Amino acid sequence: MPLAVGDSDVGALCREVAALHEGMARERAVEIAVRAGRVPVRCDPRKARQVLINLVQNALDASPPGAAVEIEAEPAAGRGARVRVLDRGRGVAPAVAGAVFSPGVTTKPAGSGLGLTIARALARQHGGDVELSARDGGGTAAVVTLPGAAAGGAP
């Protein structure tokens, strides 16, 4: 399906996705904290929202009770946006780290192995990406980059 690109605020998308997950977070005794001002970007907001939903759900699934999932959005170097979804779960095991973006690869007992695959595919449709890395002190940082508008208005 083609992108329906327009001017969006990634900070607002982050707050919206956090609000969608408040009930799930409360059930799991996990806090969701958003640090995001206005971060303008040209994207398909529906698809960018889906990327964030997939990453936040993964972070909530990984987080132990009493932990916090943090969502940070900031302008990227140059143009565009950088969003970080941070958790304090076990992190991605080195044995599967290189494969977690492949369809069917999951570390969850009931996972489909499609969440990260879809998130990365949608980000790449925009000319961006999704990457995972270990956090200092434990957990995972999922980083989404979305480029700014190119000359001529297309992403």
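Which residue in S4 does Arg35 stand opposite? I found that Arg35 stands opposite Glu72 in S4.

Before going on, I noted that this is a predicted model, in which local features need pLDDT of at least 70 and side-chain atom pairs count only at pLDDT 80 or more, while totals for chains, interfaces and linings use all residues. Residues are numbered from 1 along each chain as its sequence is written, and side-chain values use heavy atoms, with hydrogens and water left out.

Strands. I looked up strand S2 (residues 31-36) and found that it pairs with strand S4 (residues 68-75) in the parallel sense over 6 bridges; two strands pair if DSSP finds at least two bridges between them, and strands (E, at least two residues) and helices (H or I, at least four) are DSSP runs numbered from the N terminus. S4 is also joined by 6 bridges to strand S5 (residues 81-86), and these two run antiparallel, with Glu70 opposite Leu86 in S5. S4 and S5 form a hairpin with 5 residues between them, and Gly78 in the turn has a positive phi of about 85 degrees.

Helices. I then saw that helix H1 (residues 10-20) and helix H3 (residues 45-62) pack at an angle of about 50 degrees, with their axes 10 Å apart (axes are lines fitted to C-alpha atoms, for helices over the stretch in contact, and angles run from 0 to 180 degrees between N-to-C directions). H1 and H3 are therefore oblique to each other, since angles under 35 degrees count as roughly parallel, over 145 as roughly antiparallel, 65 to 115 as roughly perpendicular and the rest as oblique.
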